[in-house]
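Hello,

I am passing this structure on to you, with some notes on what turned up in it. Please open it alongside this email and read the two together.

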Amino acid sequence: MVFFESAPAKITLSVDVLGKRDDGYHDVEMVMTTVDLADRVALSSLNGDRIDVSADNQYVPNDERNLAFKAALALKNKYHLTRGVRIDIEKNIPVSAGLGGGSSDAAAVLRGLNKLWKLNLSLEELAEIGAGIGSDVPFCVYGSTALAKGRGEIIEEIPPPPVKWAILAKPNIGVSTRVVFNQLEIENLPHPNTTKILDAIAEQDFYKLCNHVGNVLETVTTSLFPNVQRIKEKMTQAGANGVLMSGSGPTIVGLVEHQYKAIRIYNGLRGFCDEVYVVRVIGHSNTC
Ligand code: ATP
């Protein structure tokens with residue numbers, strides 16, 4: 001039997017860094033949601049105590065370095081399971097893009113194996129296992145809209161944002177999250193107002209949300225890759241109502257109210273950027 005689990009991309013609506021911690025990580029405050037650009041994760045039982053993983057993308061490792069492999073291993077180790085699983089990943093989310101593709105694959109494996117192996121674990125329990133794999137995995141386990149704190153692993157679910165459509169523009173570069181955090185100068189950061197973002201979501205006020213989106217990591221990524229700033233400017237000129245970089249980048253997100261506007265901006269950006277997507281914002285959990 002083959003189980004399919006969807007692994008949606010995440011976008012950030014705000015990213016703030018509050019300070020550096022003794023353990024080397026940074027304390028963050030991020031508002032994140034999900035979109036309908038998704039990897040497709042297929043899980044099937046294997047004889048023997050083994051994990052096979054394969055992804056149809058040359059930038060994704062097909063071995064124990066794959067976050068999906070790590071997720072299956074963490075689950076097996078925690079519950080002393082000796083079952084085998086084959087994981088096939090159809091990658092639709094661009095890699096190293098700030099869209100959390102690897103984390104979402106890992107989360108999809110946790111949710112999928114919970115069903116395949118009839119473990120009856122709660123999303124909270126899966127998220128706790130996910131936190132040991134990567135800071136973004138707990139958010140992806142829930143797959144909704146959330147305020148993430150700590151190093152990103154402390155999740156407070158909030159209602160879906162008042163935005164239906166987004167344009168994602170990814171320049172032809174991959175960005176390492178670790179490099180961006182290492183180069184971040186935490187003094188004098190242009191902090192987004194997270195409270196205002198949360199208010200805009202609570203009030204379902206699209207324009208208020210768009211006025212307050214922001215990402216402190218742009219200070220690093222745009223200085224390393226000036227093209228990211230150019231694409232941000234193009235997205236703004238093209239008429240997106242809210243524009244920011246997702247995660248550590250380099251993907252630039254444009255928020256709009258209507259599909260026709262998203263398509264118009266998509267057509268305008270395709271000449272400047274290799275990978276452009278029109279996506280629907282999901283923002284609620286459909287993981288159970
Ligand atoms: P984040 O914003 O969480 O840092 P990202 O979208 O920028 O994520 P990913 O696409 O998750 O980055 O990939 C980051 C790195 O993880 C790449 O070097 C990639 O080779 C590795 N990786 C391991 N497993 C996966 C996977 N299943 N899918 C994508 N990348 C993976």
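A salt bridge here is a side-chain nitrogen of Lys or Arg within 4 Å of a carboxyl oxygen of Asp or Glu. The model is predicted, so local features need pLDDT of at least 70 and side-chain atom pairs count only at pLDDT 80 or more, while totals for chains, interfaces and linings use all residues. Residues are numbered from 1 along each chain as its sequence is written, and side-chain values use heavy atoms, with hydrogens and water left out.

Let us start with the salt bridges. The whole structure has 15 of them. In one, the side chains of Glu 5 and Arg 111 meet at 3.0 Å, N to O. Because Glu 5 belongs to strand S1 (residues 2–20) and Arg 111 to helix H2, this pair ties together parts that are 106 residues apart in sequence. Helices (H or I, at least four residues) and strands (E, at least two) are DSSP runs, numbered from the N terminus.

A polar backbone atom of Tyr 59 is 2.8 Å from a ligand oxygen. For Leu 99, a polar backbone atom is 3.1 Å from an oxygen of the ligand, and for Ala 97 a backbone N or O atom lies 3.4 Å from a ligand oxygen. The ligand has 610 Å² of accessible area on its own, and the protein covers 80% of that (Shrake-Rupley method, 1.4 Å probe).

Two loops are worth a look as well. His 80 is in the loop between helix H1 (67–78) and strand S4 (84–90). Although His 80 is not a glycine, it has a positive phi of about 50°.

Best wishes

Conventions:
A polar contact is a pair of N or O atoms within 3.5 Å; within protein, one must be able to donate a hydrogen and the other to accept it, and residues adjacent in sequence count only if both atoms are side-chain atoms.
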